[in-house]
Number of protein chains: 6
Amino acid sequence: MQLATATWPEVEAYLATCTGIVVPIGSTEQHGPNGLIGTDALCAEAVARGVGEATGALVAPTLSIGMAEHHMAFPGTITLKPSTLVALIGDVVGALAEHGFDRFLFVNGHGGNIPSLNAAFYEVHAARRATRPEAPGLRMRIANWFLGPAVGRLAAELYGDNEGSHATPSEVSLTQHLLPEHIKPATFSGPAPRGSFHDRHDVRRRFPDGRMGSDPSLSRPEHGARLLDTAVGEIAEAWHRLLAED
Amino acid sequence: MQLATATWPEVEAYLATCTGIVVPIGSTEQHGPNGLIGTDALCAEAVARGVGEATGALVAPTLSIGMAEHHMAFPGTITLKPSTLVALIGDVVGALAEHGFDRFLFVNGHGGNIPSLNAAFYEVHAARRATRPEAPGLRMRIANWFLGPAVGRLAAELYGDNEGSHATPSEVSLTQHLLPEHIKPATFSGPAPRGSFHDRHDVRRRFPDGRMGSDPSLSRPEHGARLLDTAVGEIAEAWHRLLAED
Amino acid sequence: MQLATATWPEVEAYLATCTGIVVPIGSTEQHGPNGLIGTDALCAEAVARGVGEATGALVAPTLSIGMAEHHMAFPGTITLKPSTLVALIGDVVGALAEHGFDRFLFVNGHGGNIPSLNAAFYEVHAARRATRPEAPGLRMRIANWFLGPAVGRLAAELYGDNEGSHATPSEVSLTQHLLPEHIKPATFSGPAPRGSFHDRHDVRRRFPDGRMGSDPSLSRPEHGARLLDTAVGEIAEAWHRLLAED
Amino acid sequence: MQLATATWPEVEAYLATCTGIVVPIGSTEQHGPNGLIGTDALCAEAVARGVGEATGALVAPTLSIGMAEHHMAFPGTITLKPSTLVALIGDVVGALAEHGFDRFLFVNGHGGNIPSLNAAFYEVHAARRATRPEAPGLRMRIANWFLGPAVGRLAAELYGDNEGSHATPSEVSLTQHLLPEHIKPATFSGPAPRGSFHDRHDVRRRFPDGRMGSDPSLSRPEHGARLLDTAVGEIAEAWHRLLAED
Amino acid sequence: MQLATATWPEVEAYLATCTGIVVPIGSTEQHGPNGLIGTDALCAEAVARGVGEATGALVAPTLSIGMAEHHMAFPGTITLKPSTLVALIGDVVGALAEHGFDRFLFVNGHGGNIPSLNAAFYEVHAARRATRPEAPGLRMRIANWFLGPAVGRLAAELYGDNEGSHATPSEVSLTQHLLPEHIKPATFSGPAPRGSFHDRHDVRRRFPDGRMGSDPSLSRPEHGARLLDTAVGEIAEAWHRLLAED
Amino acid sequence: MQLATATWPEVEAYLATCTGIVVPIGSTEQHGPNGLIGTDALCAEAVARGVGEATGALVAPTLSIGMAEHHMAFPGTITLKPSTLVALIGDVVGALAEHGFDRFLFVNGHGGNIPSLNAAFYEVHAARRATRPEAPGLRMRIANWFLGPAVGRLAAELYGDNEGSHATPSEVSLTQHLLPEHIKPATFSGPAPRGSFHDRHDVRRRFPDGRMGSDPSLSRPEHGARLLDTAVGEIAEAWHRLLAED
Ligand code: NI
Ligand code: NI
Ligand code: NI
Ligand code: NI
Ligand code: NI
Ligand code: NI
């Protein structure tokens, strides 16, 4: 069930049976010459909804904008400051906790969100300690769909070293599967540069077309279908583990 | 064009011709017994995308969670504090301004967002004054689809006094048109209480099922189609006026 | 009774009979060639004190500085960032609530304050939800003296279209009535430009002397006396309605 | 000249001759059984206006609400959090600096404001370092009227040990001089307890009627007149020194 | 060279040759029955100073208090909220950048700091983008001494599975080497529970004496000496890589 | 006992006998041509530890970085914004209060920290009022070692007028006593300029080598030993008074 298409009495009924919720979070940022700017949000949303269908988990609206400061030298990228993202996550968790939700699985599509998510979780814990010291604890976990071991194996099988670390053929394939009408021509060749970086200027300088060690020309919609299934499978398991936690 | 399904080179090309952008913003909050929790976001998104198709405007990802503190006594409602929403809007505008966007039309689906949006606009102006005093100004406008005069006339024609102020038949019709598979049975009768309120407890006390002066049992998908067309039409004009502004 | 000239035992006695308070809020900003920079604060204060005298309401000290970012290209304007104003309002309400006040009527003299006031009210509600979830709700309302229907009718009668939207003859008349020794010569002629604006540069460009569609040369102290009476009358009614609210 | 009763062209003219401004700041807090809640604001305002008249200094609107957390156990006290007061001062100074003001004399009526004022000054310096590193520095000074040496000598002459540290006969006398119609009966006798304190509960416990080591029954309006003159005199000198600073 | 024992002219001379700096950061938190509350700070400081001696790097004062919310159910733990730690790091980096430092190696002793450090780095990048868009980028890196591969191999050799994840024999050994006068008796036996956790209550419930999968009774000062050498060696290399970065 | 070298069970035992704690706080800032950048932190730490040894007080880790904005024109100075320092102090006090500490003696080595410390104390009081209105109050006091009357007498005896106000021979002597291996040559002569200042540019302009009215060439390690003893003696008394407070 998606929260967006539920009514409040339906949520009330759900809460009587389960106090967990899945929250997809992505990013709106450059994904190379043929990757969609919404890639991370689209992928996280698709995986989260798949998990919802597979498990009955309630799925919150997608947080489409994340922390993408390092991609800001490419037009179209939107970023939240980490402090804003921390506040946003804190408000979302706080509001849901008010209704009785206490187990949160953030299905994440973007590595840049991880520090802010983790920071936000402890900011939430600290705020509860200050205001409701005796309230039961909240369980907040991140499931990075693109870092799951099964997804990793499949990506390695499909692309080997050409998977890279940003604008990867995996994530581009997944969006091609979701939105075949938005498959863009890949007019570049070969893998992109690799390596680390610091700020947005440095990213643009080192990775002039936005790809990082990846060859998204290898992307295929049918790969996307397999990757989606695999990701949904392993995150559904994470969901069950979260619910089963003592 | 939607930002989420564009590539960064496509955005670069768009910016060479137009520095305006449409940003849909909604809310995730109770909408009465048969209204979807995502109503305000779904409506704003549909209207914004319609405007994008009608005018060629670039459409940003939907900000699905707004300021809904007053609905927090109903399960499923998520709210941002006004200060968080102000920070969020500021970051989004700031990032887009970095790329050269300078005209922002927020297509809004929720009255509760209006103060925070307006506060955010001046927070942005103040920040630019502090940091880039000579930079050209940013134009930020709100288009509330549900408050447009033509939409108002159509709603009055369709529902008269039963339109009410929250969980209205207009917005429910619009979501019925968008998502016919999510039409919920309306098992109540007659209009809801009317009047003002202060906090969430008071809202729940005065409006026990979440409707405010509205009769969403009158909602019909075909009304939604007409309302959508009407809203798109009048907001497309607002877009053109914004672009034409001296 | 004014809070500033009361003793704490007098406030304690007042609270035993009434838990409402009137809070005047204005702005310190340019008001055209002959309007006083303190116009909005002076007017709000005079109206609020009039309401206090008419009804026995306790009147808090005037918040003289508001959100006037858009007037910052004129010397003498002072502005708070919306976020600062939100924090200020939150602290003032929070402190008064601590003593038992729970009905707040903000008598406002400046349109630019409205978004921040409304944002602040929900910020207060959110903070109480977090820290004192069971505490009774606070009722916070804005009474914009210059937007009341009776004041509007009188301004229309006196000035017709020359009332305009900023540095209006109404508010200038009111200050002329209050401070006849500070009546300034009006050395301009005719109405000012009209229209919308975005940031301070744009305001200065479009409205070079600070008037917006208004002709404050029409101001007269005796108009101010009538406007004050009218505003006090309609806001006194708003006060009674607020106290009577269920 | 008071900023509130000036027009913007008058401020523009003033700035051509002087870039200094006087800002009165007080507090809204209990002042014992017969002291006015607005004492600190009323005194600071009167002294600041006196300085303005004596020297031609421009005088900003009074910041009537300060940091009075420790008095919050007495009805009627309003306090800003230090962080709010720091933000408020920062905005006020920042706005005025925008117009060219660069010497600020805060005429202060309340000891509890001093830390926040000093913190704010460095917050302003830090913000300017970040955003306008080459801009000329701002000079911000506090003149505590009640701590001036001449005022101290006069208070000692008038009240000796009965001056105390809060709700003092000096400040009460000054308000009696300003507002003879608000002289309250003093129905207590003898000096109040002395000593330090920590939070509001502790203040109420140690100083049950709000006086701290003071005997405000000694207050007389004619003392207030002398104190006002004396304070104006020594702060006028501080103003001249500030303007003369290299 | 340590910053604390240098003079400003010495720092000026250093900056003429090197714009990098090492910043130790630890935590003040429970470390099991025989581990010191300052373990993470003491270890980070010792490693950082060792790197300073080995390479000539300037070493900043140790940030001794980190993000330890999850250990707050044990007396003596001090924690910063993630948002406070982000602000702290931002100020420290910002101040040093002002002097010309542009390469920062944070030698970290506590896993709980990692999200806040990473969030802070992007907060710094975002602030520079807003205020000094053309300024050269800052390089900020974390070196977690306890996660280095060589340290990991040595810990595995010394303790195998008994290393655990908190209050580890490695870090306790290191402090025993540094402070032999503070070696505490280990009066427990066997490894502690393992597993994940959410908030402080949960940590205390699952790990009642504070050890997490570790057996710090295996700690020996001579192990500490070897671990320190190993850590210094691999972080010195990281320092050289950072300086050599293009 | 130092917190850093205690275990949590030792802290638990301490709390059963005493709920007070000593927190040293310094600064990392230029101290003239031969003074150490860490002077203020080193001195505060040494005094605090001496107090701990003399009285059995628990001593927290030193907060080594303070508010030193005014020294930022000298390389090596690090500063926190006042708002960051306020947040830091608030978190430290809040965490310790959680364990039952309720009497805090901040042994301070830097005048620039005083406003932020005092602001932080009231920020803590305000936060507790909001969240735990009935909780017992916290007692937070500052002991400025360099302002104690006995220290003042000794400094006057040793240096007379050459003590000055920054980079004083007293504090330099104290660090010479603590760290004889870091005694730097004093290659200047005579006292430095005196006077007030506003921002960092002004400090550098008026005090080109960083000394303010002081002659640190008079510093001697043996003076430092006497100053340390004297400071420990008078702050130990302050500690006893704090514990004895009703
Ligand atoms: Ni991606
Ligand atoms: Ni709606
Ligand atoms: Ni006005
Ligand atoms: Ni007073
Ligand atoms: Ni550790
Ligand atoms: Ni010093």
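Trainee: Starting with chain B, is His31(B) buried or exposed?
Mentor: His31(B) is buried, with a relative accessible area of 0%, where buried means under 20% relative accessible area, exposed means over 50% and partly exposed is in between, using a 1.4 Å probe and protein chains only.

Trainee: And what sort of model is this?
Mentor: This is a predicted model, in which local features need pLDDT of at least 70 and side-chain atom pairs count only at pLDDT 80 or more, while totals for chains, interfaces and linings use all residues. Residues are numbered from 1 along each chain as its sequence is written, chains are lettered from A and ligands numbered from 1 in the order in which they are written, and side-chain values use heavy atoms, with hydrogens and water left out.

Trainee: Which residues coordinate the nickel ion (ligand 2)?
Mentor: The nickel ion (ligand 2) is held by His31(B) through NE2, Asp40(B) through OD and Glu171(B) through OE, at 1.9 to 2.1 Å. Donors here are N, O and S atoms within 2.8 Å of the metal (3.2 Å for Na, K and Ca), and because water is not among the atoms, sites may look incomplete.

Trainee: How are those donors spaced along the chain?
Mentor: For the nickel ion (ligand 2) the spacing is H-x8-D-x130-E, and Asp40(B) counts as buried because its relative accessibility is 2%.

Trainee: What coordinates the nickel ion (ligand 1)?
Mentor: His31(A) by NE2, Asp40(A) by OD and Glu171(A) by OE coordinate the nickel ion (ligand 1) at 1.9 to 2.1 Å, with the sequence spacing H-x8-D-x130-E, and both His31(A) and Asp40(A) are buried.

Trainee: Staying in chain A, where does Ala167(A) lie?
Mentor: Ala167(A) is in the loop between helix H5 (149-159) and helix H6 (169-178) of chain A; helices (H or I, at least four residues) and strands (E, at least two) are DSSP runs numbered from the N terminus. Although Ala167(A) is not a glycine, its phi is positive, about 55°, and Ala167(A) counts as buried because its relative accessibility is 0%.

Trainee: Switching to chain F, where is Arg139(F)?
Mentor: Arg139(F) sits in strand S3 (residues 139-144) of chain F, and Arg139(F) is buried because its relative accessible area is 9%.

Trainee: What does Arg139(F) touch?
Mentor: Not counting residues up to four places away in sequence, Arg139(F) touches several residues, among them His198(D), Arg205(D), Phe104(F) and Asp246(F), where contact means heavy atoms within 4.5 Å.
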